[in-house]
Amino acid sequence: MPIRPKSFERGRALTSAAISVSQLCHWYGSGTTRRQVLQRVALEIEPGEVVLLTGPSGCGKTTLLTLVGALRQVQEGSVRLFGEELHGAGRAQRQQLRRRIGMIFQGHNLLRCLSSEQNVQMGADLLEGLGYRARRDQAREWLRAVGLGDHLDKLPHDLSGGQKQRVAIARALAAKPALLLADEPTAALDSRTGREVVDLLKRLAREQGCAVLMVTHDPRILDVADRLLRMEDGQLFSQQLQVG
Amino acid sequence: MRLSPLTALASLWRARRIPLAWLLLTRQPVRLAVALAGIAFAGILMFMQLGFRDGLFEASVTVHKLFDTDVVLLSPRTNSSIAMASFPRRRLVQTMADPDVVGITPVNWNLLLWRNPDKRTTRSILTLGFEPGDPLFIDATVSEKARLLTQLGRVLFDARSRPEFGPIEAWFKQGRTVETEVGGTRVRVAGLVSLGASFGADGNMITSRETFQRLMPGSSPGSIELGLIRLRPGADAARVAKRLQEQLPPDVTVLTKAGFEELEKTYWRTSTAIGFIFTLGAAMGFVVGCVIVYQILYSDVSDHLPEYATLMAMGYKLAGLLGVVAREGLLLAVLGYLPAYVAGQGLYALVRSGTRLPVYMDPQRAVLVFTMILVMCLGSAALAMRRLGDADPAEIF
């Protein structure tokens, strides 16, 4: 059954959704080894909404994330990002779309040879029409926003796991994304740091009006979600929020 | 309007980004040092091999360059300075009929055996015979000393000959009478000149044609090995040479001075393995450099593959990332060339003092080696880029 956000029911225009997925199917392999990982998935996320996606490993969460993140070619069904159809989109179009998507990975995936400021600026450098200084200032501001104003010149090597993940968040947000995808951002963190990182992520995404789709296994952070989705065997279900 | 290049530069400066290629290289100092050592090594190898090659060819015409001449006459059988065939002297005299010719100098040229007056060993020496009154070299000091040769059995010894000919210069400067045998005939050193050893001759001496006949009893007085022809100022040597060649019988070859030098260089280039050996040496340096740079860049790209994939996921173009690898190659080329150039200069100086080979850092070779290093680094970068195709942003989640 298609999952509809509350806002949709309030009658907002369909095109205003950050993500709009319908009838999405995906297979891996070919011939006899062909295996379906996504079955007729439908999903919509509004700007500013934080949606958490849980489910057992191997159920297709990451596949969905890569499809929505324009990292993979859509095989069947429709994925619309900011109103643009991804099905049939070429490499260049997907690359252009990815500039509007912030991504936060399980491992921080920072560039080892860059300081935290430079790492964040790699995100800010994607913005067009801004001078070098402006982009650098933005990078610094974002690092301050994630509480790392004193660690501008440190290499990832010298930062703790939580700090690295915060740099990654700053980098993702520095590109001013309209959509933020996060794959288990707290997996490598202890519970307190994980909590802090997720709260920060939510607050900053809110301020930017940025939609968030977060895959997580971590039961302690489920309450940050506006909406909770559960995936099993390639099918998506809505789940009741358990606040508390 | 005049400011536009400046404003263009300023806007480029404003649009600049994190110098990723530079940081990738410099934040891994050990790898960078290995890469630069490899490139510099390859560069030095190329500098040395090409330097030796050109130096040897250049050294083969040390004496040729000194002649005061525009056009020369040679025997058609002559193909190098170590085997000069003779031709009739009257052919040279005939050229005087040409309105452009203002002077001629007949020269005898042969390699004779010189006995080291100290150690009594013999060694082949290039012997030039000319009429002491005639102009021979551009450098006038030889002509001034030529009157010393009017006496039979006197020679001018080249002080820059290799030391194997004996301590002639030292003895002469001490005021001793230096006598020795050339081709079994006694000669006395009447003076010193400064010419320089060439590839075909370790030493040189100059004497009068008359003495030359005595040193080579078999040779006919009417035959010479080289005819120098001086033209009036403004005459086109190439055209005169062509005209003379057409007018003269085919028992002589007419060449310009440059053609004479080229004939000698061509001999060493084609009749010996020198050119091949040293070019091969330079090619080896190139290949070694390619392998090193390729290894370094390939492992660098491989090590950073997840990071490149992350950048692609962030929306960076593949072309932009290929550009990063290309810039790494470019930086390596420039950074590796500088030490190679400096070391090349030093080694050339060492070679010059050690072997008297005229090996200099000529701009053409400097540019050639830089081009080779550039091709080496950018080619390796292009090959290493193929690895970037494996960076799949979908795999990093």
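Modeller: Gladly. Start with confidence: chain A has a mean pLDDT of 85, and 91% of its residues reach 70 or more. This is a predicted model.

Colleague: Where in chain A does pLDDT stay under 50, and how many contacts beyond four places in sequence does the model have there?

Modeller: Residues 4-14 of chain A stay under 50. The model has 11 contacts beyond four places in sequence for them. The pLDDT scale runs from 0 to 100.

Colleague: Why point out a positive phi?

Modeller: Because most residues other than glycine have a negative phi. Gln23(A) is also not a glycine, and has a positive phi of about 50 degrees. Gln23(A) is found in strand β1 (residues 19-28) of chain A.

Colleague: Why is Gln23(A) called partly exposed?

Modeller: Gln23(A) has 14 other C-beta atoms within 10 Å. Exposed needs 12 or fewer, and buried needs 20 or more. The value 14 lies in between, so Gln23(A) is partly exposed.

Colleague: Which residues is Gln106(A) in contact with, leaving aside its neighbours within four places in sequence?

Modeller: Asp183(A), Glu184(A), Ala187(A) and Ala188(A). A contact needs C-beta atoms within 7 Å. Now take Ala188(A): C-alpha to C-alpha, Gln106(A) and Ala188(A) are 7.2 Å apart in space. In sequence, they are 82 residues apart. The 7.2 Å value runs between C-alpha atoms, whereas the contact cut-off applies to C-beta atoms.

Colleague: On to domains. What are the domains of chain A?

Modeller: Domain 1 covers 1-100 + 179-185 + 211-244, and domain 2 covers 101-176. Their centres, taken over C-alpha atoms, are separated by 25 Å. Domain 1 of chain A gives 13 residues to the contact, and domain 2 of chain A gives 10.

Colleague: Which elements give two or more residues to the domain 1 side?

Modeller: α3 (91-98) and β7 (179-183) of chain A. The largest share, 5 residues, comes from β7(A). By class, this side of domain 1 has 7 nonpolar, 1 polar and 5 charged residues.

Colleague: How do you describe two packed helices?

Modeller: By the angle between their axes and the distance between the axes. Take α4(A) and helix α5 (residues 132-145) of chain A: their axes come within 8 Å and cross at roughly 115 degrees. The crossing is right-handed. Residues of α4(A) in this contact include Val120(A) and Ala124(A), and those of α5(A) include Trp142(A) and Leu143(A). The classes are 5 nonpolar, 3 polar and 4 charged.

Colleague: Which helices of chain B pack at an angle of about 35 degrees?

Modeller: Helix α10 (residues 274-303) and helix α13 (residues 363-388) of chain B, with their axes 8 Å apart. α10(B) passes α13(B) in a right-handed crossing. Among the residues in contact are Phe286(B) of α10(B) and Met372(B) of α13(B). The contact has 15 nonpolar, 4 polar and 1 charged residues.

Colleague: What is the domain assignment of chain B?

Modeller: Domain 1 is 19-59 + 273-395, and domain 2 is 76-251. The centres of these two domains, over C-alpha atoms, are separated by 48 Å.

Colleague: Last, how many residues does the contact take from each chain?

Modeller: It takes 20 from chain B and 25 from chain A. On the chain B side, α2 (20-26) and α11 (305-314) each supply at least two residues. The largest share, 6 residues, comes from α11(B). This side of chain B divides into 11 nonpolar, 3 polar and 6 charged residues.

How values were computed. Residues are numbered from 1 along each chain as its sequence is written. Chains are lettered from A and ligands numbered from 1 in the order in which they are written. This is a predicted model: local features need pLDDT of at least 70, side-chain atom pairs count only at pLDDT 80 or more; totals for chains, interfaces and linings use all residues. Helices (H or I, at least four residues) and strands (E, at least two) are DSSP runs, numbered from the N terminus. Domain bounds come from an automatic or database domain assignment. Two residues are in contact if their C-beta atoms, placed from the backbone, lie within 7 Å. Ala, Val, Leu, Ile, Met, Phe, Trp, Tyr, Cys and Pro count as nonpolar, Asp, Glu, Lys and Arg as charged, and the others, Gly among them, as polar. pLDDT is the predictor's confidence in each residue, from 0 to 100. Axes are lines fitted to C-alpha atoms, for helices over the stretch in contact, and angles run from 0 to 180 degrees between N-to-C directions. A crossing is left-handed if the near helix is turned anticlockwise from the far one by less than a right angle, and right-handed if clockwise.
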